[in-house]
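This briefing sets out computed features of one chain, grouped by topic. The sequence and the structure come before the discussion.

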Amino acid sequence: MAFPSELGSRSSSVALRQVALIWLKRARRDASALTKRSSERKLHRFRVSLRRLRALGTHHSGLFTQKDLAKLKRIHRATSEGRDGDVGRRWVRRLASEHELNPKAALRLLPKAVVPKKRNKSMASALRSFAK
């Protein structure tokens, strides 16, 4: 999904809203994919879209209310543990393969708090909150 080429010829307020709508559309697409099936890549893209929406809202007053920005921040935080788990598992697998160890055995050696196997309930709650 690319930004429209005519974006530069629009007024700044119209272009800003159009960019925000594009990020929102991307976030919705990735959030709906996450509710159907877990995907490390989709979670990352969802979080990037949220960050970009928040940045737009923070730097351009009037685009979002403070309440909306706070909601986006809460949703982003609620997805942090899932993303941290994804990154941790990938790191352990890579480290295990470099040292010719069984990746599953290496993951079992770590405390569950370091690399949670499943995304937490706050992730599902965050996705429902975002959908609203």
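Phe130 counts as buried at 12% relative accessibility, where buried means under 20% relative accessible area, exposed over 50% and partly exposed in between (1.4 Å probe, protein chains only). The model is a predicted one, in which local features need pLDDT of at least 70 and side-chain atom pairs count only at pLDDT 80 or more, while totals for chains, interfaces and linings use all residues. Residues are numbered from 1 along each chain as its sequence is written, and side-chain values use heavy atoms, with hydrogens and water left out.

**Aromatic pair and ring contact**

- The count of aromatic pairs comes to 1, under a rule by which rings of Phe, Tyr and Trp (its six-membered ring) pair if their centres lie within 6.5 Å, with planes under 30 degrees apart counted as stacked, over 60 as edge-to-face and the rest as tilted.
- Phe46 and Phe130 form this pair, which is edge-to-face, at 5.1 Å centre to centre and 85° between the planes.
- Phe46 lies in helix 2 (residues 40-59) and Phe130 in helix 6, so the pair ties together parts that are 84 residues apart in sequence.
- Phe46 is buried, at a relative accessible area of 0%.
- Elsewhere, the charged end of Arg26 sits over the ring of Trp23, 4.5 Å from the ring centre; the criterion is NZ of Lys or CZ of Arg within 6 Å of the ring centre and within 35 degrees of the ring normal.

**Nonpolar core**

- The largest nonpolar core has 20 residues, and Phe46, Leu50, Leu56, Ile75, Leu127 and Phe130 are those with the most contacts inside it.
- Such a core is a set of buried Ala, Val, Leu, Ile, Met, Phe, Trp, Tyr and Cys residues joined through side-chain atoms within 4.5 Å.
- Helix 1, helix 2, helix 3 and helix 6 each give two or more residues to this core, and helix 1 gives the most, with 7 residues.

**Largest pocket**

- The largest pocket holds about 320 Å³ of space, the volume being the space filled by probe spheres set on grid points that are joined across faces, edges and corners.
- On a 1 Å grid over the protein atoms alone, where a 1.4 Å probe fits, a pocket is an open set with protein on both sides within 12 Å along at least five of seven lines, and lining residues have an atom within 4 Å of a point.
- Among the lining residues are Leu24, Phe64, Asp68, Ile75 and Phe130.
- Helix 1 (12-36), helix 3 (66-78) and helix 6 (121-131) each give two or more residues to the lining, and helix 3 gives the most, with 4 residues.
- By class, the lining has 7 nonpolar, 1 polar and 4 charged residues; Ala, Val, Leu, Ile, Met, Phe, Trp, Tyr, Cys and Pro count as nonpolar, Asp, Glu, Lys and Arg as charged, and the others, Gly among them, as polar.

**Chain overview**

- The chain has 6 helices and 0 strands, these being DSSP runs (H or I, at least four residues, for helices; E, at least two, for strands) numbered from the N terminus.
- Buried residues make up 34% of the 132 residues in the chain.

**Partly exposed positions**

- Arg51 lies in helix 2 and counts as partly exposed at 37% relative accessibility.
- Ser80 lies in helix 4 (residues 80-98) and counts as partly exposed at 22% relative accessibility.
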